[in-house]
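This report describes the model shown below.

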Amino acid sequence: MRRWGMTGKQLEFTSFYAAARGDCLRIVLVTVGDRQLAEDLVAEAFTRAWASWRTVRRHPAPQAWVVRTALNLNVSWWRHRRRETALDGRDSVAPGGGGSGPDGELLAAVRRLPVRQQQVIILRVFFDLDARATAQALGIAPGTVGVHLHRALAALRAQMISAPASQEATE
Amino acid sequence: MTDNDVLAAVRDCLTTARDSVAGEQMARPVGDIIARGRRRRLRQGLAAAATAAVIAAVAVPALLPGNGGNGASPARLAAWTVTTEPGGKLTVTIRELRDPAGLQRRLRADGVPATVRFTGQTPRSCLYYPLPPKQSFRLQAMIFPQASNPSGHTAFTINPTAIPARIALWLTLSSPATQTAPDGLRSTEFSATWALVYASGHCLAGKPPQIFSGGGVAGNSSR
């Protein structure tokens, strides 16, 4: 009598967690800009990954799955909190480099993107996923990925063009 | 400025930001994550387990020859019978725990996506269908409109038309326990339980191993 893969399953998940948790935390932190929130989101995403490990382990990019889940959770939690309480600054841009200078402006612009556009950018930049893999990770059509990417880049381009102009105006 | 230029700038920006927080580490131990996931699955499993209901545990007297049987050989009845009622409902009568595969075949032939096993054979190839308890009980009441013990047998009625397309039935018949009454009459007790499961190909085909969301017992079926 042997339990189905319980030991192996735990070991597998444990090594995945050990290998991926740091990267996932840092990517989510950069995206949401709040250390505690990022840790909560990533912990919850890993909890869901464990609960669905049979599916997640077969995912072409399990780490991307965790990050995508964490970013989705961020939207859900934000909406929930917005209904319940004042936001106490959680929706504002915070650490991780946002706020000042061209890079800060660009990072803030990434954080302001709609969630799908943001996810497409994050998966492309940090996981080097192509349109097909990104589509698989997000559960959308590859063509839709292209649309989100195009719109995200257009918004960021506008930000990059306007930021130097506004800086010059203030000088 | 092309899309590639913008993407390169964004890449630089984001990787720089990530590198700036390189010292950040998750403080949560993996044990906490696993324990939390297990608690969650247990809660989901409890909801699923609530869909399982004991139909009956009945004494079936006089089926086995006992001391009070006057030495007469009992009539050999079928272990189970399935009869079709007007309106398409099926009445399943269980007298002995034999031939679950035959019962399964018969039920499927009559349009009931059922998997039948004896006690201890957990539905490892099935996934419990998650429903809120209230909805689950309502659905079970429609699928199993009657459960009774006519003439000392266990019997229950299945309404195949009440079974939603994505749902299948998991029926477990318990091992019998034979008891001898003071008057010497021997009786057999057994029970049937059911659960609502996904009508997946895996479940109906019985291909192991498929983990099911059964909370604390999830994934531990083995033989």
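What pattern does chain A follow when read along the sequence? The pattern of chain A is α-α-α-α-α-α-α-α.

## Basis of the model

The model is predicted; local features need pLDDT of at least 70 and side-chain atom pairs count only at pLDDT 80 or more, while totals for chains, interfaces and linings use all residues. Residues are numbered from 1 along each chain as its sequence is written, and chains are lettered from A and ligands numbered from 1 in the order in which they are written.

## Architecture of chain A

Chain A has 8 helices and 0 strands, where helices (H or I, at least four residues) and strands (E, at least two) are DSSP runs numbered from the N terminus. Of its 171 residues, 43% count as buried. A residue is buried if 20 or more other C-beta atoms, placed from the backbone, lie within 10 Å of its own.

Contacts are defined by C-beta atoms, placed from the backbone, that lie within 7 Å. Among those in chain A between residues at least 6 apart in sequence, 62% join residues at least 24 apart.

## Helix 6 of chain A

Helix 6 (residues 115-127) of chain A has 13 residues and should span 18 Å at 1.5 Å a residue; its end C-alpha atoms are 17 Å apart, which agrees. The expected span is 1.5 Å times one less than the number of residues.

Because 11 of its 13 residues are buried, helix 6 of chain A is largely enclosed by the rest of the structure. Among the buried residues are A:Arg116, A:Ile121, A:Arg124 and A:Phe126. A:Asp128 follows this helix and has a positive phi, near 55°.

## Nonpolar cores

A nonpolar core is a set of buried Ala, Val, Leu, Ile, Met, Phe, Trp, Tyr and Cys residues joined through C-beta atoms within 7 Å. In the largest, which has 57 residues, A:Val28, A:Val42 and A:Val66 touch the most other members. Helix 1 (residues 6-32) of chain A contributes the largest share of this core, 11 residues.

Beyond its neighbours within four places in sequence, A:Val28 is in contact with A:Ala38, A:Leu41, A:Val42, A:Val67, A:Ala70 and A:Leu71. A second, separate core of 23 residues includes B:Val92, B:Leu107, B:Ala114 and B:Ile143.

## Contact between the chains

Chain B places 32 residues in contact with 36 residues of chain A. On the side of chain B that touches chain A, helix 1 (3-20) and helix 2 (30-49) of chain B are the elements that give two or more residues. Helix 1 of chain B gives the most, with 12 residues.

Methods
Contact = placed C-beta atoms within 7 Å. Buried ≥ 20, exposed ≤ 12 C-beta atoms within 10 Å, placed from the backbone.
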